[in-house]
Amino acid sequence: MLNISELSLLLQPSRATDPLLQPLWDYLLLHHQPLISSPFFPVILAFSSYFFFSLPFAALDLLGERVPLIYKYKIQPNRQPTVGMMANSFGTALFNHIFFVLPAVIIGMFILQTPTLPQEAPTLYEVFIDGLASLLLFDTQYFFWHFIHHKQPQCYHWIHAIHHEYMAPFSWSTQQLSIPELMTVGFWSNLDPLLLKCHPMTTWSVTVFSLWLSVEDHIGYDLPWALNHLVPFGLLGGAPAHDMHHQKPSSNFAPFFSHWDRIFGTAVPLERKTIRK
């Protein structure tokens, strides 16, 4: 005879599993659970995404005019990153992760309880909606943080100025951040999915996608097939907006979307440079 608790479980509507994501999630739980449940996994995922997304654009920068099909889209052709500049930016990102991010994760292991991974995968709809909500929330947080740090000289000098070392951004400079800025960005990136109760698979998807958007913002090329051109109505700023931010630091503060800059009147369109003969 069923008791009350068993009967209530039977009467609850079963959650529909996603035919595409559930097999993938089952595979991850079965074969890679120690990895994906590790507190180091988000760090590995984020840094490897930054590395592999930046690599092809770094190669394009080094080849320069020898790849005219791509080079013609260079926003500031007179400012070509050197190997030294690339090494400096990547070295800064690597140093920050080894000596600050990883120790922070280790400390967190003794403070925070390791979350239990759910048995059910999210639906594609949940990944899209929750992922979009996470991106919009982060975009809002960073817009106002970014705006304030450009308006307050001390905040800019001590925290944000390192990211503006180069007027023409390039892919490796995506993660050229001070420790306070990196920790702030990392705090939001970890907190927002928790506030929105995102599934871990959604959180990881947002991590990878946001890193792609960030790298694409910094590549220094206005590629016609970039996401800011594929997404309609100019909803994404992309490389043109962020490149203009490095040229005119009082403009284009949002990291991904364009609506906050439009609302506050800080949106500035791209001014393409020409090669001086």
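Modeller: I'll start with the chain as a whole, move on to the packed pair and its core, and finish with some residues elsewhere.

Bear in mind that this is a predicted model, in which local features need pLDDT of at least 70 and side-chain atom pairs count only at pLDDT 80 or more, while totals for chains, interfaces and linings use all residues. Residues are numbered from 1 along each chain as its sequence is written, and side-chain values use heavy atoms, with hydrogens and water left out.

The average pLDDT (the predictor's confidence in each residue, from 0 to 100) is 92 for the chain, and 92% of the residues score at least 70.

As for the overall build, the chain has 12 helices and zero strands. Both are DSSP runs numbered from the N terminus, with helices being H or I over at least four residues and strands being E over at least two. Along the principal axes, the C-alpha atoms fill a box of roughly 90 × 40 × 40 Å. Of the 277 residues, 44% count as buried. Buried here is under 20% relative accessible area, exposed is over 50%, and partly exposed is in between, with a 1.4 Å probe and protein chains only. If you take contacts between residues at least 6 apart in sequence, 74% of them join residues at least 24 apart.

Now for the pair itself. Two packed helices are described by the angle between their axes and the distance between the axes. The helices here are α2 (residues 21-36) and α9 (residues 200-218), which pack at an angle of about 85 degrees with their axes 12 Å apart. That makes α2 roughly perpendicular to α9. For the cut-offs, under 35 degrees is roughly parallel, over 145 roughly antiparallel, 65 to 115 roughly perpendicular, and the rest oblique. The axes are lines fitted to C-alpha atoms, for helices over the stretch in contact, and the angles run from 0 to 180 degrees between N-to-C directions.

Who does the touching? On the α2 side you'll find Leu21, Leu24, Trp25, Leu28 and Ile36, and they meet Pro200, Met201 and Trp204 in α9. By class, this contact has eight nonpolar residues, no polar ones and no charged ones. Nonpolar covers Ala, Val, Leu, Ile, Met, Phe, Trp, Tyr, Cys and Pro; charged covers Asp, Glu, Lys and Arg; the others, Gly among them, are polar.

Zoom in on Leu28: not counting residues up to four places away in sequence, Leu28 touches Gln33, Ile36 and Met201.

Leu28 also belongs to the largest nonpolar core, which has 12 residues. Such a core is a set of buried Ala, Val, Leu, Ile, Met, Phe, Trp, Tyr and Cys residues joined through side-chain atoms within 4.5 Å. Its members are Leu21, Trp25, Leu28, Leu29, Ile36, Phe41, Leu45, Leu117, Ala121, Val127, Met201 and Trp204. Two or more residues each come from α2, α3 (41-63) and α9, and α2 gives the most, with five.

Most residues other than glycine have a negative phi. Lys197 has a positive one, near 55 degrees, and it counts as exposed because its relative accessibility is 73%.

Val206 turns up among the contacts of Ser134, along with Asp192, Pro193, Leu196 and Cys198, leaving aside neighbours within four places in sequence. Ser134 lies in helix α6 (residues 124-151) and is buried, at 5% relative accessible area.

Another buried serine is Ser251, at 2%. Its place is in the loop between α11 (238-247) and α12 (259-264), and its contacts, again leaving aside neighbours within four places, are Met244, His245, Thr266 and Val268.

Key. Contact means heavy atoms within 4.5 Å.
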